[in-house]
Amino acid sequence: MFNLALKNILFYKGRSITTLILTFISALMFIVYVSMMDGSHESMLKNALKVYTGSIEIYKKDYRDIGGNEYLITDVQKIEKELDKIEGIDTYTARYETYGLLSSSTQSSASLVAGVEPLKEPSMSQLKVALVEGEFLSPTSGNCLYAGVDLVKKLEAKLGDEISFVGAASDNSFAADLFKLCGTFRTGSFSFDASSAFIARAYFDELMMSHNKASYINIKVHDLNDVDTINTQISAKIDDSIESLTWKTLMKTMVDAMEVDSIFGYITISIFYVVIFFVIMIFGFINVSSRIREFGTLRCIGLSRQKIRTLLFYEIFILSSIAIMIATPIGAYIAYYYSVHPIVIDGMSEMYKDYGIISDEIPFSFNLFTITWNISVVYLLNILSILYPMAFINSFKPVEAAHHV
Amino acid sequence: MFKLILKLAWNNAFLRLSRTLLVIIMIAVSMSMLLAIQGLFDGMAYNMSDKMLRSDSGEISIYHKDYRLNKIIANHVTDAKTIKAKLEQDSEVQAVVTRFSVDGLSATARKSSFANIIGINLEDEEKFGQFSDFLKKGTLDFKKRGALIGGELAKTLKVKVGSKLVFSTQDKNGDINSIALRIRGILRTANVKLDTSAIFIDAVRLDKFLGIDKNIATQIAIRTQSSTLQDKLKKDYPNLSVKNFLEINPMMQMMEDSMVIFNSMIFVIVMFVVFIGILGVMYVSILDRIREFGIMRGIGMKYSHIRLQIILEALFVGLMGYLVGALFGFSGLYYLENVGLDLSAYADAMESFGYETILYAEIKLSYFTNTFYAIFTASLLSVFLPLRKIKKMHPIDVIKADT
């Protein structure tokens, strides 16, 4: 049957070439399109995670929903001791965040002001590498303020200037101080750079009366794929008033947005597959229609309906396999190449800064599992496309088919 | 003769019914999906730009020349109300509003966030962009220190209608000043900037709070259909920055351009594959009947008549597919235009990106005309190859041909 199928493929060149080309195009397009879509989503998530958000964060319950000083973590050291016992955690840091009004001699701006651990922060976030001017914080940097470039621009301040801070301390008392601008950073995230400033925790804790307290504890895991397992371990070790959340919950809006984007992407690409499916089916149908007498003769000499189905299956399987074997390495190479050398669209991050885009790069994703399911879909569609022609040809009685004109 | 050819073409188009039906289904399914997606994408883009026009910039906005780079109180338009009064007299201007906006810190007892307070006149805003359309919860009034707040900011601050908040900022003299407000309504404008940071209060109250002259504004927004008004305003106010919608929102231009390129690419590729489908069927259909054409030519039928018959056959198949596709496509678009695509399950994500949770499609005549031309052309081109084959053959060879 296999040899007969091969012979038929070579004999009916028109149908074979059309099926090969269309299958090749659809497999290639699917691999490249999905790789680009997944790549841009992964990149957005990765960028968002590496800027400031952790892969796991520990909060007092209701801090995220209600907020306020009543919902601060009040025994950071106890939780940190438990974290030390869990494998897979690279590092962690406790941050104390508050909103306050920062003012230079001429301008004021509302800002997030966070007390961070200067030695741990560089391995947790991009704050240190995002340095533009001046210096990053150190445990002894005192009242040094490390602020986003867009915030500094709003304040019309320069390095060395005094910046006043007005806010509320962790016990709800009034807190005010004079900071000194020691460094500026640019992460690329416009909203973050325009409304965030950092100060060494040792100094900030004195001002905010926040010793051993934290808004949350930020955790970096060794392998992002283990995040759920580690989160389960953390949840088992902390008491009920504390919750441990992974990036999937912390960035739910972004995850959902990507899901919506993927849905639209798949709907769009499905048009191609519907059309290509029909065209392959039409060519398959035309092909069997022109071979009714041949199939009639085969049935007359003893071939069963099942054998005819097997013959047609082999034909489409061989054609699909050839096309996919050519398309897959090319598609995989394109996906790999652009995952290493992303496409750059100058000005894209500036244009879409309000939407959290922080890079001009569109990297592709190279994932063998994704490529495998992509080509499986193409295989499946091609095989489905031959079902109607199979049913059509088997609807003829052998003698009727043998005499068909 | 034409009547006979027409009849022959019609009958032959449906001679192999299964084959013809497959082509018609292929055209109809791909066309209706194509129309639905185009309509939905256009609807999303239209909805976004319409709301940005109505809630913020209008077709043209006038600012102090430094304001957009440095949004501080000092960078205001000095005689804004005078300019507004003058513009209202202009027949090309449909509506005009002045706004004063300043950044600061909004805080409740538990949460704080960066915010942008905007002083507006509700009546003017209603005329300008049907402001009441943006209200999602509460009422549209500024009584008793009332304020309206963007939906995302409300989420950040965890406030609802009736909640109190305090807004602090520097006033005209550089002193830190605070104002207590009560939330009267929550807005969704589909403008990410406004939804994530805007607090709207009465313009008069903001003027008093900031200690500024009531004649000044940071923005004068204009609704107009005129394409020449911007140039005229640039000449009239050379010291001010007069920008149109796309200059203020270059992202929308980029989005629009990408949408056109993307939609065109999908359209061309899909129509090309459709062409291959029609070509395959027409080619085989003609080869199947090559002896028939030989006999027709043998008994004296001109080649031009055979050509006409084949062209008509292809057009019948193509146009039947088009009609079914247009019917399904229109039904789909009509549904999406009136009922919409409900993505409430992803409400947070949609709203944070400035989209409605229910997406509505646009219906444009061009969808149907463009597809008509494409299918008409694809049908015509599909017979080119088989016709050449017939033309090259001698009638006797055609009759003898082994198909």
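**Exercises: disulfide, chain interface, domain pair**

**Exercise 1.** Why is the disulfide of Cys144(A) and Cys182(A) left-handed?

Solution. The torsion about the S-S bond of Cys144(A) and Cys182(A) is about -65 degrees, so this disulfide is left-handed. The two sulfur atoms lie 1.9 Å apart, and a disulfide is a pair of cysteine sulfur atoms within 2.5 Å. The pair links distant parts of the chain: Cys144(A) sits in strand E5 (residues 144-148) of chain A and Cys182(A) in strand E7 (residues 174-185) of chain A, 38 residues apart. Strands (E, at least two residues) and helices (H or I, at least four) are DSSP runs numbered from the N terminus. Over all chains the structure holds 1 disulfide.

This is a predicted model, in which local features need pLDDT of at least 70, side-chain atom pairs count only at pLDDT 80 or more, and totals for chains, interfaces and linings use all residues; side-chain values use heavy atoms, without hydrogens and water. Residues are numbered from 1 along each chain as its sequence is written, with chains lettered from A and ligands numbered from 1 in the order in which they are written.

**Exercise 2.** Describe the interface of chain B and chain A.

Solution. Step one, contacts (heavy atoms within 4.5 Å): 56 residues of chain B meet 53 residues of chain A.

Step two, buried area (accessible area, 1.4 Å probe, that two parts lose on being put together, summed over both): about 4,900 Å², with 76% from carbon and sulfur atoms. Leu22(B), Arg110(B) and Tyr346(B) supply 14% of the area that chain B buries against chain A, more than any other three residues.

**Exercise 3.** How many salt bridges count between domain 1 of chain B and domain 2 of chain B?

Solution. An automatic or database assignment sets the bounds: domain 1 is 2-52 + 252-400 and domain 2 is 60-224. The contact takes 8 residues from each of these domains of chain B. Their C-alpha centres are 50 Å apart. They bury about 760 Å² between them, 51% of it on carbon and sulfur atoms. The salt bridge count is 0.

How values were computed:
A salt bridge is a side-chain nitrogen of Lys or Arg within 4 Å of a carboxyl oxygen of Asp or Glu.
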